[in-house]
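Visitor: I would like to learn how to read the side-chain features of a model. Please take them in turn.

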Amino acid sequence: MAEDGYGGCRGCLPSKDISFEKIKRIIDEYLSTFEEDICVTGDIYRRRLDACKNCSGLYHKTRSSHWDSNADYGAACRYCGCFVQVRAKRKDKVCPHPDGS
């Protein structure tokens, strides 16, 4: 348990709350810096996000059953802590789930 008595993820502290719009903007800005040759195709990207959507290791801040890869930028992987939109975009990244994707 943290010094402040909070036992959860430090990134989820109320003081760390950030809007989905801001997360989306930050991720979009970061993704826009990727050279095309390090990115997967759009079809592979969508398939990877679909695999993430159906994975028990997906931490979804809203905890809603709705998944929209363009709106739900609060989705992170429980196994590596990444925002899945970033990991899914890169050719050199693989699913960190112990069983693979």
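Guide: Start with aromatic rings: rings of Phe, Tyr and Trp count as a pair if their centres lie within 6.5 Å, and planes over 60 degrees apart count as edge-to-face. This is a predicted model, and the structure holds one aromatic pair.

Visitor: Which kind of pair do Tyr30 and Phe34 form, and why?

Guide: The ring centres of Tyr30 and Phe34 are 4.9 Å apart and the planes stand at 80°, so the pair is edge-to-face.

Visitor: Is Phe34 buried or exposed?

Guide: Buried means under 20% relative accessible area. Phe34 has 12% relative accessibility, so Phe34 counts as buried.

Visitor: Which residue lies over the face of Phe34?

Guide: For a charge over a ring, look at the distance from NZ of Lys or CZ of Arg to the ring centre. Arg90 lies over the face of Phe34, 5.5 Å from the ring centre. Elsewhere, Lys89 lies over the face of Tyr45, at 4.6 Å from the ring centre.

Visitor: How many disulfides are there?

Guide: A disulfide needs two cysteine sulfur atoms within 2.5 Å. By this rule the count is zero. For Cys80, the closest cysteine sulfur is that of Cys82, and the 3.1 Å between them is too far for a bond. Cys95 is in no disulfide either, as the nearest cysteine sulfur, in Cys55, is 5.9 Å away.

Visitor: What is the relative accessible area of Cys95?

Guide: The value for Cys95 is 33%, which makes Cys95 partly exposed. Cys80, at 35%, is partly exposed.

Note on methods: Residues are numbered from 1 along each chain as its sequence is written. This is a predicted model: local features need pLDDT of at least 70, side-chain atom pairs count only at pLDDT 80 or more; totals for chains, interfaces and linings use all residues. Side-chain values use heavy atoms; hydrogens and water are left out. Rings of Phe, Tyr and Trp (its six-membered ring) pair if their centres lie within 6.5 Å; planes under 30 degrees apart count as stacked, over 60 as edge-to-face and the rest as tilted. Buried means under 20% relative accessible area, exposed over 50%, partly exposed in between (1.4 Å probe, protein chains only). A charge sits over a ring if NZ of Lys or CZ of Arg is within 6 Å of the ring centre and within 35 degrees of the ring normal.
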